[in-house]
Amino acid sequence: MNTSAPAPAPVPAPAPAPASASAASASERVGLGIVGALLAGGLLLAACAAPEGRAQAGERTDVVFRHPGVVVGPTQLQHAKRMVAAGEEPWNSAYRALLKSRYASLDYTAHPADVVPCPVGAEPRPCLDERQDAIAAYTHALLWSVNGRTAHARKAVEIMDGWSAVMKRHTGDNAGLQAARSGSTWARAAEIVHAGYPDWGNARVTRFKEMLRTAHLPAVRARPPAYDGARDLPMTDAAMGIAVFLEDRAVFRESVERFRDRVPAYFRLKKDGPAPAPALAPASTPLPVAPPRTGTGSAAEATAYRSGRGVYADGVARETCRGLAHVGQALAASAHIAETAWHQGVDLYGEQGERLKAALEFHAKYQSGEDPAEWPCGGGGEVDRTMGPDLEVALRHYEVRTGAKLPYTRALVEKTRPAGTDGLSVAWETLSHGEAAPVG
């Protein structure tokens, strides 16, 4: 397995893709069937993964889409299959845990709905059903790629077909977040199945694409308020994943730019500028540099943007003091975006590496039980240690591909393996992205 980051190479500017990225032609379907057979048989070569050259900051990207390429690529699927077959850890334990999940049952029954209403402060049954059914579809797609049992591919298709036959729209104030959580998972499932399972017919693939284009994409492309990175990052994750599946270059480029805007606004580095002045500080205390693209122009506004806190450290997030669950979801979404872009030849990991590594280490340290004496949310206060299974994807990239050392992140991941699912948009990432602990 290639564990070094490829040398970047510039790519010319793209032209917008046509709106209709329909199902493959008959000849393409034959090729996809061959890929699927190789994938299920563990023979797909690493050369089929993301391209050797990756565009870096400031370069425009003319994407030649690679499939499967939403968070999980063919090299990772091949690797997981090989490690499970050999009984290697942590993949074997992750696979066994996945098999025990109710999502993995071949008797799993989906509950599709034509309208998914998601008001703030409530969760009607269709909201929960859609997220769970998307996770189940992804679970079976992942199982099929690892153990080669076509019954799992059939179940994934059954679930996706059930929803695409009836689903029309999301409604309510949480429509964007719901469409993000389900849409990102639907895209991962569809990518794996469509790239290699020949019995998902063209008409049904086209119908599923139409569901994502009309019932999910408008909701996740809508911009939430500037302060709401906990929504914007998952929405960007879904938009990028859907763009890859639809082969929509315009939406892909838009998602790259959203990532570039949001990550610096959400995760802080001290070098961004001085922190807001304390209430009793001299009037001459310098104002902070405003978080990018958030409309903050004063110390008070910057402090409010950061959940009312004026004490900063490298890696602290806008919602650190709101709760680590929200930060964990934002970290997971950031990693999903960067990983999908990586498979498509764009190195967002490198662009925001200093910031993301600092955020991973800062929050993993406190999630793991660090003494809160220096906690920035009121020193000595209680830490809300509610982060989910959110760090595997980013850890694998920075440690394995680039050789970085993230000791707090590594320790937390090892402690909480095998990573399961948060029931939202993170699922089975020890199996798909896990790596053995470094020796020595």
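Me: In which hand of crossing does H9 pass H11?

Reply: H9 passes H11 in a left-handed crossing; a crossing is left-handed if the near helix is turned anticlockwise from the far one by less than a right angle, and right-handed if clockwise. Please note that this is a predicted model, in which local features need pLDDT of at least 70 and side-chain atom pairs count only at pLDDT 80 or more, while totals for chains, interfaces and linings use all residues. Residues are numbered from 1 along each chain as its sequence is written, and side-chain values use heavy atoms, with hydrogens and water left out.

Me: At what angle do H9 and H11 pack?

Reply: The angle is about 140°, and the axes of H9 and helix H11 (residues 324-343) are 11 Å apart. Axes are lines fitted to C-alpha atoms, for helices over the stretch in contact, and angles run from 0 to 180 degrees between N-to-C directions. H9 and H11 are therefore oblique to each other, given that angles under 35 degrees count as roughly parallel, over 145 as roughly antiparallel, 65 to 115 as roughly perpendicular and the rest as oblique. Helices (H or I, at least four residues) and strands (E, at least two) are DSSP runs, numbered from the N terminus.

Me: Which residues in H9 and H11 meet?

Reply: From H9, Phe252, Phe259, Val263 and Tyr266 meet His326, Val327, Ala330, Ser334, Ile337 and Ala341 in H11, where contact means heavy atoms within 4.5 Å. By class, this contact of H9 with H11 has 8 nonpolar, 2 polar and no charged residues. Here Ala, Val, Leu, Ile, Met, Phe, Trp, Tyr, Cys and Pro count as nonpolar, Asp, Glu, Lys and Arg as charged, and the others, Gly among them, as polar.

Me: And how are H7 and H8 oriented to each other?

Reply: The axes of helix H7 (residues 202-221) and H8 come within 10 Å and cross at roughly 150°, so H7 and H8 are roughly antiparallel. Their crossing is left-handed. Among the residues that meet are Phe208 and Leu212 in H7, with Met235 and Ile242 in H8. The contact of H7 with H8 has 12 nonpolar, 1 polar and 2 charged residues.

Me: On to charges. How many salt bridges are there?

Reply: A search of the whole structure finds 18; a salt bridge is a side-chain nitrogen of Lys or Arg within 4 Å of a carboxyl oxygen of Asp or Glu. One of them pairs Asp232 with Arg262, the closest N and O atoms being 2.9 Å apart. Asp232 lies in helix H8 (residues 229-246) and Arg262 in helix H9 (residues 249-266), so the pair ties together parts that are 30 residues apart in sequence.

Me: Are Asp232 and Arg262 buried or exposed?

Reply: Asp232 and Arg262 are both buried, where buried means under 20% relative accessible area, exposed over 50%, and partly exposed in between (1.4 Å probe, protein chains only).

Me: Which residues are linked in a network of salt bridges?

Reply: Glu392, Glu399, Arg410, Glu414 and Arg417 are linked in this way. Arg410 and Glu414 have their closest N and O atoms 2.7 Å apart, and the two residues are 4 residues apart in helix H15 (residues 407-416), about one helical turn. Glu414 also forms a salt bridge with Arg417, with closest N and O atoms 3.4 Å apart.

Me: What is the relative accessible area of Glu414?

Reply: Glu414 is partly exposed at 32%, whereas Arg410 is buried at 10% and Arg417 is buried at 17%.
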